[in-house]
Amino acid sequence: MSSQTTFARPQEAPSAGYSALSLTVGNTPLAFISQPFVPGGGGFWAKLEGFNPGGIKDRPALHMVRRARARGDLLPGATIIESTSGTLGLGLALAGIVFGHPVVLVGDPGMEPLMCRLLASYGVRLEIVTEPHPVGGWQQARRERVQRLLAEIGDSYCPDQYNNPDNVEAYAGLAHELLARLPHIDLLVCSVGTGGHSAGIFNVLRRHFPDVRLVGVDTVGSTIFGQPARPRLMRGLGSSIHPRNVAYDAFSEVHWVSPAEAVWACRTLAGGHYISGGWSTGAVALAARWLAGVHPGQTIVAIFPDGPWRYYGTVYDDAYCRAHNLLAGPPADEPDLLASATSREVHRWSRCTTVTDPLGGTR
């Protein structure tokens, strides 16, 4: 099944509220990943969101800004302020250019130099916090800086990706792209950070396929599903806080993946399929690979949030990987099984089929 991309004809003007630049987002390719990455003849479909200009979060960035403008929450020419580990920052830089808003982003020391330089080249003002919050880590430290900036800069607006329902709604288009290409979907595999794309895609798919199951993929050291928060090497998935956009009741199971396991998956994908990405892509691919083996004949879709270019100094850098002990070889053939997400702390690939809100719904 070949990928499809639609283009506006040269004589057509973009629809109201859109620009030619925003129309470059979406209609990303769908690739089938089988041998050599998936042994035994099975496979899974990968939605390659790295073909968006900045990655998967171009979708919510444009949508959140468009909806905020429509409601009057974001005034013409006002400043957008947000916390980011990188990918949403690229999306907001795009939205700022499309809709004419200055953008101020708050990052932390883990943001890659390439990402910092790219954001600066797109006209973003980038602030870096220097100390993690004692409880909420770098994410909470970034969010507290955002609140101070909102107080300092008049008429500014924060999309609040962690809790904004517009973040979830933004992924309806991605779900419909899948529906247009695949006659049935049994399993959807998504990394989980803010919870936006897992909830948004699943909400649409289950209206068409009531039996579809959602598998979440997190990183070790993340507190989203009830594990203790620890310093994390992987970026783009996981959290030290509990975003309200995570739809806990939608998940059939959750997997936790370590950085070394994600690196193995990223590099193996690249060498065998000329398709790869960063930490989230590697973690999702590892889980989808295993699921393809234990559910033969089922249609599995994995969302690859971005491509590999951002990770040249981490995932694909031998010196970096050796320094962090990330080249240990292939992961185990299957994940450890936990009776509950809080039964013990995980340090390697693990899974749990009992998914609950660690805050007990007190949000």
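A pocket is here an open set of grid points with protein on both sides within 12 Å along at least five of seven lines, and its lining residues have an atom within 4 Å of a point. In this predicted model, the largest pocket is lined by 48 residues. Those nearest its centre are Ser85, Arg232, Met234, Arg235 and Gly236. The space in this pocket amounts to about 840 Å³. Sorted by class, its lining comprises 21 polar, 18 nonpolar and 9 charged residues. Four helices each supply at least two residues of the lining, namely H2 (87-99), H4 (137-152), H7 (196-208) and H9 (279-294). Of the lining contributions, that of H4 is the greatest, at 4 residues.

The strands E1-E2-E9-E6-E7-E8-E11-E10 form, in that order, an open sheet of 8 strands with mixed pairing. Strands E1 (30-33) and E10 (336-338) stand at the edges; each has a single partner strand, so one side of each is left without a neighbour in the sheet. Direction ignored, neighbouring strands of the sheet are turned against each other by 25 degrees on average. Strands of a sheet pair through backbone hydrogen bonds, in either the parallel or the antiparallel sense. The pairing of E6 (residues 187-191) with E7 (residues 213-219) is parallel and extends over 5 bridges. Within this pair, Cys190 has Gly216 of E7 as its bridge partner.

The structure contains 16 salt bridges. One of them joins Glu49 and Arg59, whose closest N and O atoms are 2.6 Å apart. Glu49 belongs to the loop between strand E2 (44-48) and helix H1 (58-71), whereas Arg59 is in H1, so the pair ties together parts that are 10 residues apart in sequence.

Two features of backbone geometry were also found in loops. Most residues other than glycine have a negative phi, and most peptide bonds are trans. The bond between Gln35 and Pro36 is a cis peptide bond, with omega about 10 degrees. Pro36 is located in the loop between E1 and E2. Asp160, a residue other than glycine, has a positive phi, near 50 degrees. Asp160 is placed in the loop that lies between H4 and helix H5 (165-169).

Note on methods: Residues are numbered from 1 along each chain as its sequence is written. This is a predicted model: local features need pLDDT of at least 70, side-chain atom pairs count only at pLDDT 80 or more; totals for chains, interfaces and linings use all residues. Side-chain values use heavy atoms; hydrogens and water are left out. On a 1 Å grid over the protein atoms alone, a cavity is a set of points where a 1.4 Å probe fits but cannot get out, and a pocket is an open set with protein on both sides within 12 Å along at least five of seven lines; lining residues have an atom within 4 Å of a point. Grid points are joined across faces, edges and corners, and a volume is the space filled by probe spheres set on the points. Ala, Val, Leu, Ile, Met, Phe, Trp, Tyr, Cys and Pro count as nonpolar, Asp, Glu, Lys and Arg as charged, and the others, Gly among them, as polar. Two strands pair if DSSP finds at least two bridges between them. Axes are lines fitted to C-alpha atoms, for helices over the stretch in contact, and angles run from 0 to 180 degrees between N-to-C directions. A salt bridge is a side-chain nitrogen of Lys or Arg within 4 Å of a carboxyl oxygen of Asp or Glu.
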